[in-house]
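User: I would like to go through this model with you, one question at a time. Please give the cut-offs behind each term as it comes up.

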Amino acid sequence: MKPVLNLLLATAVLVLLASCGGNARRVSPPAAAIQQLAVQPNGDWMVDLRLHNFSSVSMRFDKVRLEVSVDEHAAGVLQATPGISIGPGSADVVKVSMRPDGMSRIAVADALATRRSLSYRLVGTVDATPDEASKPRQFDVDDRSALNPAPGLDGVLR
């Protein structure tokens, strides 16, 4: 009778532990990426900035400040106050206008004219408030990727 009682007790403990593990709140650093860069008639850029929430809770994205470089040329700073909430494991896009510096304008124009890919880097911070938190947290961002000319869309890299 004692082995049966031990088995029942062990099973009850395992069930109790398994039921407690499903509600873990994990806050992970977000990521940022350029989804689209469109050159405007005046030479400014309209950037569709994709913000990724890798946390297991919703986060409100309050402030973004990212230094942008393209093909290793400093382009300037993307600054935004999106004020949007992004659910767990999800992403959303905000539009940000920026006036790029000289060499970066030339690099983008060359990539568009020659139909080649353009590397970029985003370095800076994203301020986000996890769901049910009282104050925002500042997360460091250092992301790299590349954009390609969008077929049929003049002046657009994706």
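User: How far does helix α2 reach from its first C-alpha to its last?

Analyst: This is a predicted model, in which local features need pLDDT of at least 70 and side-chain atom pairs count only at pLDDT 80 or more, while totals for chains, interfaces and linings use all residues. Residues are numbered from 1 along each chain as its sequence is written, and side-chain values use heavy atoms, with hydrogens and water left out. Helices (H or I, at least four residues) and strands (E, at least two) are DSSP runs numbered from the N terminus, and the expected span of a helix is 1.5 Å times one less than its number of residues. Helix α2 (residues 102-114) has 13 residues, for which 18 Å is expected, and the model comes close to that with 19 Å.

User: Which residues of α2 are buried, and which strands do they pack against?

Analyst: Buried means under 20% relative accessible area, exposed over 50% and partly exposed in between, with a 1.4 Å probe and protein chains only. The buried residues are Ser 104, Ala 107, Val 108, Ala 111 and Leu 112. They lie on the same side of α2, because they cover an arc of only 130° around the axis, the arc being that of the directions from the helix axis to the C-beta atoms. Counting contact as heavy atoms within 4.5 Å, these buried residues pack against β1, β2, β3, β4, β7 (118-130) and β9.

User: Which exposed residues does the opposite face of α2 carry?

Analyst: An α-helix has 3.6 residues a turn, so residues three or four places apart point the same way. On the face of α2 turned away from its buried side, the exposed residues are Ile 106 and Ala 113.

User: What are the edge strands of the open four-stranded sheet?

Analyst: Two strands pair if DSSP finds at least two bridges between them, and this open sheet has the order β6-β2-β1-β9 with antiparallel pairing. Within it, eight bridges join β1 (residues 31-39) to β2 (residues 45-52). The strands that pair on one side only are β6 (91-98) and β9 (156-157).

User: Which side chain makes a polar contact with that of Gln 36, and is Gln 36 buried or exposed?

Analyst: Gln 36 lies in strand β1 and is buried, because its relative accessible area is 14%. A polar contact is a pair of N or O atoms within 3.5 Å; within protein, one must be able to donate a hydrogen and the other to accept it, and residues adjacent in sequence count only if both atoms are side-chain atoms. At 2.6 Å, the side chain joined to that of Gln 36 belongs to Arg 158.
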